[in-house]
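Biologist: I'm new to this one. Could you walk me through how to read its surface and its charged pairs?

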Amino acid sequence: MESLLRAGAMNTKKNIARAEKIKLLLMDVDGVLTDGKMYYLPDRNGEMTEFKAFHALDGIGLRLLNQFGIITGVITGRESPGTEDRARTLGMSYAYQGFLSKLDPLGEILEDTGLKEENVAYVGDDWTDIPVLNRAGLACAPKNALPEVKKAAHVITNKEGGAGAVREVCDFILKSQGRWGEIMRFVETAHWPSPAKPRMKVIRFSDIRPPKKR
C-alpha cells in the first residue's frame, strides 16, 4: 500500500483519510478497465464486431467491494455490449455509456444513492475524466494516464489500465477501511462470499439524445 500511495500527488495520511470515506467507486472503461485497444473481428455474417479484453484481477477487486457494501459503476464515452455484460457480471449498479461529458451521470448517481462527492472514488485516464476527478473524494489515474489526468489525481497506480490498475484502487480502499484481515481469512479458508448482484441501471446516450433535425 505504501508504494501505491507514494505514486500519488498527496501524502499517505491524506489519501487514507480520503479512502476511508469511499462508498462508491466509478470508473471509465477504455484505458482503465481495458488497455485502451479495440479489437474488430468479423462475425459469421461478415459484419465487424468490437471486442474488449478485461483483466481478471480487476474483477475480483470489484466483487470484493460489492461484498463490503461499496457500490460500483462505469461512465464511459463509448457504447459497447461487452462493457455492459462485464459490468453486469461484476455486480455493478450503474453503466452509463456514450457519455463524453460525465458530470451529468455523476450527478444522477449521487442523487440516486444519496451520497456526497467525498464518498466517490473515480478512476480515469483521459481528458474527459478530469471534471469528475476534480470532484471525487478520491481521484485515481492509471500509470499510463495522460499527464493532465495524473495532475488531477490523488493516487496514481503502479499498474497500467487493463493490467490491474483498478484492482490496486480496490485493494487500497479495502485496506484503508480495515477490511484486509477479513479478506485474508477468505483466502485461508477458501471460502469466498458471493454477494447478491444488484439490478444494474443502464443508461445509453444514444437512447436519450434528441433526434437530429432534418
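This is a predicted model: local features need pLDDT of at least 70, side-chain atom pairs count only at pLDDT 80 or more; totals for chains, interfaces and linings use all residues.

Biologist: Where does Met-48 sit, and is Met-48 buried or exposed?

Modeller: Look for Met-48 in strand E3, which covers residues 48-51. Its relative accessible area is 52%, and exposed means over 50%, so Met-48 counts as exposed.

Biologist: Now the charges. How should I read a salt bridge, and how many salt bridges does the structure hold?

Modeller: The general idea is that side chains of opposite charge can pair when their charged atoms come close. In this structure there are twelve salt bridges. Take the one between Glu-118 and Lys-21, where the closest N and O atoms are 3.9 Å apart. Glu-118 is in the loop between helix H5 (103-113) and strand E6 (120-123), while Lys-21 is in the loop between helix H2 (12-20) and strand E1 (24-27), so this pair ties together parts that lie 97 residues apart in sequence.

Biologist: What are the relative accessible areas of Glu-118 and Lys-21?

Modeller: Glu-118 has 40% and is partly exposed. Lys-21 is partly exposed too, at 43%.

Biologist: And what about Lys-102 and Asp-28: are they buried or exposed?

Modeller: Both Lys-102 and Asp-28 are buried. They form a salt bridge with their closest N and O atoms 3.1 Å apart. Lys-102 belongs to the loop between strand E5 (94-97) and H5, and Asp-28 to the loop between E1 and strand E2 (39-42), so the pair ties together parts 74 residues apart in sequence.

Biologist: Which residue forms a salt bridge with Arg-78?

Modeller: That's Glu-50, with the closest N and O atoms 2.4 Å apart. This pair links distant parts of the chain: Arg-78 is in the loop between strand E4 (71-76) and helix H4 (81-89), Glu-50 is in strand E3, and they are 28 residues apart. Arg-78 is partly exposed at 30% relative accessibility, and Glu-50 is partly exposed at 22%.

Biologist: Which residues are linked with Arg-78 in a network of salt bridges?

Modeller: Asp-30, Glu-50 and Lys-52 are linked with Arg-78 in that network.

Definitions and conventions: Residues are numbered from 1 along each chain as its sequence is written. Side-chain values use heavy atoms; hydrogens and water are left out. Helices (H or I, at least four residues) and strands (E, at least two) are DSSP runs, numbered from the N terminus. Buried means under 20% relative accessible area, exposed over 50%, partly exposed in between (1.4 Å probe, protein chains only). A salt bridge is a side-chain nitrogen of Lys or Arg within 4 Å of a carboxyl oxygen of Asp or Glu.
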